[in-house]
Structure formats: C-alpha cells, structure tokens
Amino acid sequence: MLNIVWISLIIVSVVFGIINGRIHEVVMAITDSSRLAFDVALSMAGMMTLWLGIMKIAEDAGLVDLITRLLQPLLRRLFPDVPKDHPAMGAMALNIAANMLGLVNAATPFGIKAMEELNKLNPFAGTATNAMCMFLAINTSSVQLVPASAIAFLSAAGAKSPTDIVFSTFLATSCSTIVAIVAVFMLQRRHKYKNEILSEHC
Amino acid sequence: MNIANFSKDISDIIFLLLIAGIPCYGVFRKVPVFDSFVEGAKEGFPLVIRILPFLVGMIVAIGMLRASGAIEALGYVFSGLMSMLGVPQEMLPLAIARPFSGSASNAILVDMIHTYGADSLYAKMGATIMGSTETTFYVIAVYFGAIGIKKTRYAVPAGLIADIAGLLAAVWICRWLFA
C-alpha cells in the first residue's frame, strides 16, 4: 500500500507540476524536503533519546505496570491478541496518555516503542498484525484533552477565548476515535489475518 | 488571553511533572535512576537512524505534491462531495493537506485564522480540525518504518477513515457549538 501511495504522490506531483508550470518549484521542493527530512530526524533524535530514557525509569520503577493495569479493561478489549502483561500494553498506554495530553514529542517515541513490542508478537515479519492496525487507528484519531498548538495559534492572533476549542476538539476526537475503532473491527473481519498470509505465501 | 496562557501552562506543568516526577518516583522505588535513564536512552539514536529513510522518502514526495499545486486541484475535485457532507469550501485546503503534511496544514491554519479573524467560526472550525485529524501518511511511514512492516494491510484505509470522521465531526460540532 505504501508503495502505491508513494509512487502516486510522485506521479501526481510531476503531472501537476507540468500542468501548472511549476516544474522548477517541484525540483526545488525535492532538494529542500530531503534536507528538511534530515532536520526533522535530527530534532527528533534528542527528544526521542530523552523520552526513551524517562520511559525506562518509569518501567523500572513499576510505573508503566501501574498505568497498564489502570487501562487494562479497555486495552484488553481493543487488543485481544496481546497477552495481558506484555510490555506492548505499557508502551501503548503511555502513547495514548501522551497523545491525550498533547505531548506530541513524547507520544512518538512511546508509539514506536509500542510498535516494536507488538512486532515481537508478530508471527510474520513484515506484515502488519491486527493489533498494529488498531493501535495505528487509535493513534491517528487520538482523543485530545489539550490541543496546545491550535490554542497557541488562536491566541497569537488575538482570539477572545481561544480555549473554546478545547471542548469542540474533545468531542470531535471522541467521535473520530469511536469511528476508528469500529472501522478497524469491521476491516479486521474482512481481512482475515491467516487467509491473507497464506494467499500471499502460497 | 489569560485562559489561553492557563492552558499552555497546563501543558508545561504536565511536561515538567513527567520529566521530573518520574525520576523522583524512581528514586522512591530505589531504582538507580541515571543508569536506567542511560540504558533506555541508548535506543534513541539507532531508532532515529532506522526511521530516516522512511522520513526522507515520505517528506520528499509530500514536498513535491505541495509545490506542484496538486493539493489545490484535489480540493477542487473533492469540493462537490465535501459540500454535500456540509464541509465549507474554506476548509478544503486544510482537509486535503492534513493527512500528508503537518507543516503545510499548520501554515494553512495560521493563514485561515488571519483571513477570517481569530474569533470567526472558520478559525475555530479549522483549529478543531487540526486537533481531530492526524498526519496519517507520515505516522504510518514512521511507525511501520521503524519495525520494517512492508505489508500494511488495512492500516491506510483505517487511518483515513479516522481522519474523515475527525473532519466531519469537527465541522458539525463547531457548527452546533459556535454558529
């Protein structure tokens, strides 16, 4: 799927670049973006290192287990394939909590850590499991309690009550999370994991 | 303005509470905190290196898309469908750019706030959309890239369904709350 998305993006860009007479802009974007990607990675590296260190302390202190146990009733239903005490549960719980609080910098390392743990349960390397797809959908729709950057944009422009959007964002993200979970359960039924693996390996 | 600061303060306080509170709790539980920190932190840089190829691939393709003017054209293509679903024309650039690019959608939002006014319905709607949707392609590339998933199965449709649900919910809820 990512193969198709990627090549489509490139073809569409080239075609529209020619139609719109923006070939030079497209070429400039290629060099600028590759540099930007490296900058993003580099600026991510410090935060990633910091949060993974903090997370290890939380793990060793038993804090992750505590959070996991609190979210257990919810997580068990969403991720029936993941064993109850698996470290993936802890990392996913931390990622979901960080996303809700608007801590984007913390959410990404926790999320990647969670994916690594989920991958240890993956019998077919290179193919996404149901738990991974569910985690991803919850991640992209995540319930938000503190939409910090949007509030900052509004208040910078002199809005009278920029925090109005806290409630609307909470409601909208709650809806999208519910839709995402329902969608994944429906897609799961259509894409039987074992059938797909067998049909691709035979 | 004070309430905005308050909310920013809350984020800062939560941030500090975690960075300082977790090690303090670790000391309380007799964890060798700095040793633990270093052991966990060691994984950070290799992880970033592993993600880099996926970041470069995605960000370059998305940068090309932005520069080519295709996002505006896509907005035109989808405008009929979107207006049927009650999404105002003004939200289209944001809705189209959002799954691909965080920086592009941030720029579009800032532009919208200035064009329509910080207290307008559209500014609030746009800000809500930003919170309720995600840069899905970027997230998929980074998360699956980190663990070498090649067959993503239904992850892309699931992420996009979540984004569309977030967009529609944001539009309808803002109409109901702020109009």
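This is a predicted model: local features need pLDDT of at least 70, side-chain atom pairs count only at pLDDT 80 or more; totals for chains, interfaces and linings use all residues.
## The interface at a glance

Let's begin with the two chains. In this model, 102 residues of chain A are in contact with 97 residues of chain B. Together the chains bury about 8,600 Å², and 76% of that area lies on carbon and sulfur atoms. On the chain A side, Leu2(A), Ile57(A) and Thr140(A) lose the most area to chain B, yet together they account for 8% of what that side buries.

## Polar links and the chain A side

Between chain A and chain B there are 18 residue pairs in polar contact, with both residues at pLDDT 80 or more. Several helices of chain A each supply at least two residues to the side that touches chain B, among them H1 (2-19), H5 (104-120) and H8 (164-190). The largest share, 25 residues, comes from H2(A). By class, this side of chain A divides into 61 nonpolar, 30 polar and 11 charged residues.

The interface also has 5 salt bridges. In one salt bridge, Lys113(A) meets Glu43(B) through their side chains, at 3.2 Å from N to O.

## The cavity

The largest cavity has a volume of about 60 Å³. Residues of both chains line it: Leu52(A), Met55(A), Lys56(A), Glu59(A) and Lys113(A), along with Gly40(B) and Glu43(B).

Helix H2 of chain A (residues 23-60) gives the most to this lining, with 4 residues. The lining comprises 4 charged, 2 nonpolar and 1 polar residues. Lys113(A) and Glu43(B), both in the lining, are also the salt-bridge partners described above.

Terms used. Residues are numbered from 1 along each chain as its sequence is written. Chains are lettered from A and ligands numbered from 1 in the order in which they are written. Side-chain values use heavy atoms; hydrogens and water are left out. On a 1 Å grid over the protein atoms alone, a cavity is a set of points where a 1.4 Å probe fits but cannot get out, and a pocket is an open set with protein on both sides within 12 Å along at least five of seven lines; lining residues have an atom within 4 Å of a point. Grid points are joined across faces, edges and corners, and a volume is the space filled by probe spheres set on the points. Ala, Val, Leu, Ile, Met, Phe, Trp, Tyr, Cys and Pro count as nonpolar, Asp, Glu, Lys and Arg as charged, and the others, Gly among them, as polar. Contact means heavy atoms within 4.5 Å. Buried area is the accessible area (1.4 Å probe) that two parts lose on being put together, summed over both. A salt bridge is a side-chain nitrogen of Lys or Arg within 4 Å of a carboxyl oxygen of Asp or Glu. A polar contact is a pair of N or O atoms within 3.5 Å; within protein, one must be able to donate a hydrogen and the other to accept it, and residues adjacent in sequence count only if both atoms are side-chain atoms.
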